[in-house]
Amino acid sequence: MHHVWMCTCRACVIVLFFVIHTNPVYSAISASGDLTPGYVGPVDPWNINDELVIGDTGDGSLTIDGGSDVSSDGGVLGKDPGAMGRVTVDGSGSSWTQSEILSVGGGGSGELEVQAGGFLSSGFSKIGDLSH
């Protein structure tokens, strides 16, 4: 948005020019590697009507911060042997909510960090579900 004010008098012309620029606010959800379904951001909140798998057959990571929200039917961190899933929920107002089961270390390895006021909720949780 541009604002231009002009003040004219006999001796001079004063032009005041202000530029107000607002940077777009993007989601504070970042994902990399192997996620199912894949993240098509920037989307906030990210609502998934299915299970969210971080580290399906390979390594994957998901960070939710800046007051962002992710919701899914369920979640798996490290689904298959050799896969690694990492999730960080960081900061007040940031959340990951599952209506069903959260499995950390399904058949592979999983790391879950909830810190600095982040919020995690699931209908049921399993740690080291299939790992031996």
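In the predicted model, the side chain of aspartate 56 forms a polar contact with that of threonine 36 at 3.3 Å, a polar contact being a pair of N or O atoms within 3.5 Å in which, within protein, one must be able to donate a hydrogen and the other to accept it, residues adjacent in sequence counting only if both atoms are side-chain atoms. Aspartate 56 is located in the loop between β6 (51–54) and β7 (59–65); strands (E, at least two residues) are DSSP runs numbered from the N terminus. Aspartate 56 is buried but lacks a salt bridge, and lysine 79, the nearest side chain of opposite charge, is 4.3 Å away. Buried denotes under 20% relative accessible area, exposed over 50%, and partly exposed in between (1.4 Å probe, protein chains only); a salt bridge requires a side-chain nitrogen of Lys or Arg within 4 Å of a carboxyl oxygen of Asp or Glu.

Residues are numbered from 1 along each chain as its sequence is written. Because the model is predicted, local features need pLDDT of at least 70 and side-chain atom pairs count only at pLDDT 80 or more, while totals for chains, interfaces and linings use all residues, and side-chain values use heavy atoms, without hydrogens and water.

Four strands form an open sheet in the order β5-β8-β11-β14 with parallel pairing, where pairing requires at least two DSSP bridges between two strands. β5 (46–47) and β14 (119–121) are at the edges with a single partner strand each, so one side of each has no neighbour in the sheet. β5 is joined to the parallel strand β8 (residues 69–72) by two bridges, and tryptophan 46 has valine 70 as its bridge partner in β8.

Key. Lys, Arg positive; Asp, Glu negative; His and termini not counted.
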